[in-house]
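Please look through the sequence and the model shown below before reading on. The report that follows moves from the whole chain to a few of its residues.

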Amino acid sequence: MRDRVPTLIAFALLVALVIGTWWAAGYAQRAIPFDPPRRVTHEPDSWADQFIMVRTDEQGVPINRLEGVYMQHYPDDDSYKVTTAKAIGQQPGSPITIGTSNVAIMDQGGSRIVMQGNAHLHRLPDADRAAMDVTSQQLTLLPDKNVAFTDLPALVVNGNSTLNGKGMRYDNNTRDLQVYSAADAKISGRDAENQKTSKPSRKTKP
């Protein structure tokens, strides 16, 4: 019996050690705070004053520029909100366009810019065409496609001509302009001769 006492003591110590280790591990796990899963909400994670972003083509040539007084970035959809915004398109071979608005939302990897509030698109004149202006409460710009459109009422002023309707799409690559549901259209004789079209409310080439 005396020979078994050391064995029993060693076994008891081993059991106590196992129980103590298990309790210590559980206590440590309960004592260490774990961060809860991150909530994905539409809240800004970064911001900047006097914001300027320039996009280039594969050759490194600047083709689009977005700037504004204040910028906020939202990580949930990787979008940018820019106040007092100005978007400049300068695709090679196309007239320069300048879009302005109270607020602009850029998303989809920079391939879409939604100009909101007093939205205005100005196409600079060139040797063949007069300047063109489009105003609406909202204009959507697709910089990569060089296209601007809206489903809201829009006023288009092209030279001495005006088109007023609901819905507009302008392709700066082909210079094709479409104004839908035109409520009012005034085409000057010179512009009509240059455009060679009798249906400006549907499609023109300003």
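Accessible areas come from the Shrake-Rupley method with a 1.4 Å probe, and for residues only the protein chains shown count as cover. By this method the protein exposes about 13100 Å², of which carbon and sulfur atoms supply 55%. This is a predicted model, in which local features need pLDDT of at least 70 and side-chain atom pairs count only at pLDDT 80 or more, while totals for chains, interfaces and linings use all residues. Residues are numbered from 1 along each chain as its sequence is written, and side-chain values use heavy atoms, with hydrogens and water left out.

The protein has two helices and ten strands, where helices (H or I, at least four residues) and strands (E, at least two) are DSSP runs numbered from the N terminus. Along the sequence their pattern is α-β-β-β-β-β-β-β-β-β-β-α. Of the 206 residues, 32% are buried, a term that stands for under 20% relative accessible area, whereas exposed stands for over 50% and partly exposed for values in between (1.4 Å probe, protein chains only).

His 73 lies in strand 2 (residues 62–74) and counts as buried because its relative accessibility is 10%. Its side chain makes polar contacts (N or O atoms within 3.5 Å; within protein, one must be able to donate a hydrogen and the other to accept it, and residues adjacent in sequence count only if both atoms are side-chain atoms). One of these contacts, at 2.9 Å, joins the side chains of His 73 and Asp 45, and another, at 2.7 Å, joins those of His 73 and Asp 78.

Side chains of opposite charge can pair when their charged atoms come close. The structure holds three salt bridges, each being a side-chain nitrogen of Lys or Arg within 4 Å of a carboxyl oxygen of Asp or Glu.

| Asp 144 | Arg 55 | 3.0 Å |

Asp 144 is partly exposed because its relative accessibility is 43%, and Arg 55 is partly exposed, with a relative accessible area of 23%. In another pair, Asp 107 is buried, with a relative accessible area of 13%, whereas Arg 112 is partly exposed at 28%.
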